[in-house]
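Biologist: I'd like to learn how to read a sheet and a helix in a model. Can you walk me through one?

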Amino acid sequence: MKVELHLHTNRYSTCAVDSPEDMMARLVELGYDAVFITEHDAVWSEAELDDLRSKFPSLKIFPGLEITLANAVRSVHLLILGTRDPAFLTMQRDVGSILARARRQHCLTVLAHPYRWEGGSGILAEGFYPDAIEHRTPNHTPLQSLMSKVTARQRSLRLINSGDCHSLNFPGYFWVETHQPFDSPAELRRIILEGQYENRTYEDESLTTGTGNQELGTGEKQEPVKREPGKNRNQEPGETGTGNNKKQG
Ligand SMILES: [Zn+2]
Ligand SMILES: [Zn+2]
């Protein structure tokens, strides 16, 4: 299953450009099997989700949330995958309670783009650990992706790739893939925690299919990081689920 864990639409994320319908159609076109809709500080209702699901029966559409944590230095963004619970939106100053509540709901928690800006990984230093942190994302340079990889190893956190999709041009660069079909956010969480997935990028696709990436460089405000030539594609032992198989920089 090709899975997008981080996606915004213009329904509830003011920084997102395209409609839910257009975003879902783009994912279907690119062969995605599942998506978590993670608006900024807003949750979809079940009725809204059902309406969207009825239009895209081939796509598993799950709810989620990207919550902005109040932080002394700078905002910290946390993904809560699988929830429709508006109570999270009143808890932005209490990351410990957020993580506990998410675990009770069997929702995967992911620290989004921890190295995008200073302080973005601050909750880790304070001892608050989500299940995973983002690795390759349009918001990380190769160096920042490497910093995520080092942090994940040091703190035994899962690494996940995401598209942090804000428009039709974002899907198809960074995602996760699993051979285990799932029908619920709780199953997805188990798959990630057990490492039964791989982080994938557009670089893998172009190398394996030879089709190239005709849509690179579309000039989006958050341009995906570019591939650097000569990377080592040899798999490191125990790499599955802890990062894609390329060394950075
Ligand atoms: Zn974010
Ligand atoms: Zn986001």
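Modeller: Start with pairing: two strands count as paired if DSSP finds at least two bridges between them. Keep in mind that this is a predicted model. Here β7 (residues 132-134) and β8 pair in the parallel sense over 3 bridges. Glu 134 has Ile 160, in β8, as its bridge partner.

Biologist: What packs on the sheet, touching β7 and β8?

Modeller: Helix α6 (residues 185-193) does, and β5 (76-81) and β6 (108-111) are touched as well. The direction of α6 makes about 60 degrees with that of β6.

Biologist: In what order do the 5 strands of the open sheet come?

Modeller: The order is β4-β5-β6-β7-β8, with mixed pairing. Because β4 (64-69) and β8 (158-160) each have a single partner strand, they stand at the edges, and one side of each lacks a neighbour in the sheet.

Biologist: Now the helix. How do I read its faces?

Modeller: An α-helix has 3.6 residues a turn, so residues three or four places apart point the same way. Take α5 (residues 142-155), which has 14 residues. Gln 144, Ser 145, Ser 148 and Ala 152 are buried in α5. They sit on the same side of α5 because their arc around the axis is only 105 degrees.

Biologist: Which residues are exposed on the other side of α5?

Modeller: Leu 143, Val 150, Arg 153 and Gln 154 are.

Biologist: And what covers the buried residues of α5?

Modeller: The cover includes β7 and β8, the pair with the parallel bridges we began with.

Notes. Residues numbered from 1 in each chain as written. Chains lettered and ligands numbered in written order. Predicted model: local features only at pLDDT ≥ 70, side-chain atom pairs only at ≥ 80, totals over all residues. Helix = DSSP H or I, 4+ residues; strand = E, 2+ residues; numbered from the N terminus. Contact = placed C-beta atoms within 7 Å. Axes fitted to C-alpha atoms, helices over the stretch in contact; angles between N-to-C directions. Expected span 1.5 Å × (residues − 1). Buried ≥ 20, exposed ≤ 12 C-beta atoms within 10 Å, placed from the backbone. Arc of directions from axis to C-beta.
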